[in-house]
Amino acid sequence: MHPLALPVDARITFLTGAGISVASGLRPYRGPGGLWNEVDVAAWATAEALARDPIGCFRAHRHFAALAAAAQPNAAHHAIAAFARARPEGHVVVITQNVDGLHQRAGAPHVVEIHGSLFRLRCPEERCAARIPAPDPSARVDEPPPCPRCGAKLRHDIVLFDEYLDPADERAAKEALRACQLFVAAGTSGVVFPAAAYVREADYAGARTILVNLEPPSPPNPYFDDVVLGRAEDVLPALLGADPLTS
Ligand SMILES: [Zn+2]
């Protein structure tokens, strides 16, 4: 690995996945095998589950929000936040697949949550689509509250399986990918959507691309210039702390 040696006006885009929150005690949220305190996350992460049992889904996501609120950002979240804060406003964008809010709590200034957030509710009525902060996870709220605008029962503002990404988030992600000179994907396999598509986009834009993950991409992904194997909480502080603007 060459040192990063980035000019002060460089634009850097991160993509982070579930692997970055494992050291905070949160298992991968989406995908098979995701268990948060023995609750099967995948069972509650589909549009079908929401349609079948909206109250059960609401309670499960309240439970996950409480676990996320109790978790603490780890060295990977802190390294990215410090790196971003040391660079000019808006030049570092964090695109995350995680819904746990840990990047923001570490102080990262510009986060695009492409899978939404456990800490927001939204109106399921397309014409309304109001969004409000979720009630505090420690508060006793067992049923979805009504939309303040139209009265429909609110749901958590997260992207379930079989749902589309929010177009505004997708646009923000695309802009950050097209503008960046360095793209770092961390805690994600690098071979499935969105990482596979996003690295290609950054590569087309001429960015240097780095994957930080426990395992190499399989099959190999030719769009990554460098693959650094290891835990995000070990690799990112070493990689980003070497930035002349943060050391
Ligand atoms: Zn509404």
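Select His156 first. Leaving aside neighbours within four places in sequence, His156 is in contact with Phe58, His61, Arg62, Leu118, Arg120, Leu121 and Arg122. Contact here means heavy atoms within 4.5 Å.

This is a predicted model, in which local features need pLDDT of at least 70, side-chain atom pairs count only at pLDDT 80 or more, and totals for chains, interfaces and linings use all residues. Residues are numbered from 1 along each chain as its sequence is written, and side-chain values use heavy atoms, with hydrogens and water left out.

**Stop 1: around His156**

Stay on His156. Show the cartoon. His156 lies in strand β8, residues 155-158. Strands are DSSP runs of E with at least two residues; helices are runs of H or I with at least four; both are numbered from the N terminus. Is His156 buried or exposed? His156 counts as buried because its relative accessibility is 3%. The cut-offs are under 20% relative accessible area for buried, over 50% for exposed, and partly exposed in between, with a 1.4 Å probe and protein chains only.

**Stop 2: a cavity beside the strand**

A cavity is a set of points on a 1 Å grid over the protein atoms alone where a 1.4 Å probe fits but cannot get out; a pocket is an open set with protein on both sides within 12 Å along at least five of seven lines; lining residues have an atom within 4 Å of a point. Grid points are joined across faces, edges and corners, and a volume is the space filled by probe spheres set on the points. There are two cavities of 30 Å³ or more. The second largest cavity has a volume of about 50 Å³. Select its lining: Leu50, Cys57, Phe58, His61, Arg155, His156, Ile158 and Leu160. Helix α2 (54-70) and strand β8 each give two or more residues to this lining. By class, the lining has five nonpolar, two polar and one charged residues. Ala, Val, Leu, Ile, Met, Phe, Trp, Tyr, Cys and Pro count as nonpolar, Asp, Glu, Lys and Arg as charged, and the others, Gly among them, as polar.

**Stop 3**

Next, go to the second largest pocket. Its volume is about 430 Å³. Which of its 19 lining residues are closest to its centre? Select Arg122, Arg131, Arg155, Tyr164 and Asp166. The elements giving two or more residues to the lining of this pocket are β6 (116-122), β8 and α5 (167-179). The class count for the lining is eight nonpolar, one polar and 10 charged residues.

**Stop 4: the zinc site**

Select the zinc ion. Which residues coordinate the zinc ion? The donors are the SG atoms of Cys123, Cys128, Cys147 and Cys150, at 2.3 Å. Donors are N, O and S atoms within 2.8 Å of the metal (3.2 Å for Na, K and Ca); water is not among the atoms, so sites may look incomplete. The angles among the four donor atoms run from 99 to 118 degrees, and the site is tetrahedral. The sequence spacing of the donor residues is C-x4-C-x18-C-x2-C. Cys123 and Cys128 are both buried.

**Stop 5**

Most residues other than glycine have a negative phi, and most peptide bonds are trans. Select Ala129. Its phi is positive, near 55 degrees. Ala129 sits in the loop between β6 and β7 (131-133). Ala129 is partly exposed, at 33% relative accessible area. Then select Asp162, where phi is about 75 degrees. Asp162 is in the loop between β8 and α5. With a relative accessible area of 70%, Asp162 is exposed.

Move on to Phe193 and Pro194. A cis peptide bond joins them, with omega about 5 degrees. Pro194 lies in the loop between β9 (182-186) and α6 (195-204). Ser218 and Pro219 are also joined by a cis peptide bond, with omega about 0 degrees. Pro219 is in the loop between β10 (208-213) and β11 (226-229).

**Stop 6**

Select Ala49 in helix α1, residues 47-52. Ala49 is buried, with a relative accessible area of 0%. Not counting residues up to four places away in sequence, Ala49 touches Ala43, Trp44 and Pro54.

Finish at Glu89, in the loop between α3 (75-86) and β4 (92-96). Glu89 is exposed, at 73% relative accessible area. Draw a distance from its C-alpha to that of Pro109, 20 residues apart along the chain: the separation is 8.2 Å.

Note on methods
Four donors count as tetrahedral if all angles lie between 85 and 135 degrees; four count as square planar and six as octahedral if opposite donors are over 155 degrees apart and all others between 65 and 115; anything else is irregular.
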